[in-house]
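Me: I would like to go through the salt bridges, the surface and the pocket of this protein, one question at a time.

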Amino acid sequence: MEWNFKDGIPIYTQIIDEMTMRIASNAYAPGDKLPSVRDLALDAGVNPNTMQRALAELERRGLVYTERTSGRFVTKEEAVLRDLHEELAKKYFEELTEKLRKIGMDDKAIKASVNKWMEEIK
């Protein structure tokens, strides 16, 4: 998988965001064993300490867990994964709403458009 880092944003936070997205999208499915810190760092082109810091934060958030002798795994906790999807959906809806407001749409027009789009994708 490709890593694209942006200037001006700490690398470890970008790693957290990317790994979170990979977990949310099932690129790393529930229960999957993650590659080692060194392998992930090599793949991303970052220092292993930076990767370790990001993985520790993902573990703190409950998205991954460590089995002492076996490595790190993606959580199987359905509630954690459901919360992750809801959190990401909220973030994307807020970004979309902000952009639509910038082009002059009010909340009523935004809701109508969302409803229309939802009907079209059924």
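**Salt bridges, surface and pocket**

Me: Which side chain does Glu57 meet in a salt bridge?

Reply: This is a predicted model. The N to O distance of the salt bridge is 2.6 Å, and the partner of Glu57 is Arg60.

Me: Is Glu57 buried or exposed, given that buried means under 20% relative accessible area?

Reply: Arg60 has a relative accessible area of 61% and is exposed. The relative accessible area of Glu57 is 19%. Because the cut-off for buried is under 20%, Glu57 counts as buried.

Me: How many salt bridges does the structure hold?

Reply: One of them pairs Glu57 with Arg60, and another pairs Lys122 with Glu119. Lys90 and Glu94 form a salt bridge too. The total for the structure is eight.

Me: How far apart are the closest N and O atoms of Lys90 and Glu94?

Reply: Both residues lie in helix H4, four residues apart, about one turn of the helix. Lys90 is exposed, with a relative accessible area of 54%, while Glu94 is partly exposed at 45%. A salt bridge needs nitrogen and oxygen within 4 Å, and here the closest N and O atoms are apart by 3.6 Å.

Me: Which residues make the nonpolar surface patch of about 300 Å²?

Reply: One member lies in helix H4 (residues 78-102): Leu96. At 32% relative accessibility, Leu96 counts as partly exposed, and a patch residue needs over 30%. The patch is made by Phe93, Leu96 and Trp117.

Me: Which element gives the most to the lining of the largest pocket?

Reply: The largest pocket has a volume of about 510 Å³. Two elements give two or more residues to its lining, helix H1 (11-24) and H4. With seven residues, the element that gives the most is H4.

Me: How many residues of the lining of the largest pocket are charged?

Reply: The largest pocket is lined by 19 residues, and those nearest its centre are Asp17, Glu18, Thr20, Met21 and Lys91. Nine residues of the lining are nonpolar and three are polar. The charged residues number seven.

Conventions: Residues numbered from 1 in each chain as written. Predicted model: local features only at pLDDT ≥ 70, side-chain atom pairs only at ≥ 80, totals over all residues. Heavy atoms only, no water. Patch = residues over 30% accessible without salt bridge, like charges linked within 9 Å, V, L, I, M, F, W, Y side chains within 5 Å. Areas by Shrake-Rupley, 256 points an atom, 1.4 Å probe, with all protein chains shown as cover. Buried < 20%, exposed > 50% of the residue type's maximum accessible area, 1.4 Å probe, protein only. 1 Å grid on protein atoms, 1.4 Å probe; cavity = no way out; pocket = protein on both sides within 12 Å on 5 of 7 lines; lining within 4 Å. Points joined across faces, edges and corners; volume = space filled by probe spheres on them. Nonpolar A, V, L, I, M, F, W, Y, C, P; charged D, E, K, R; others polar.
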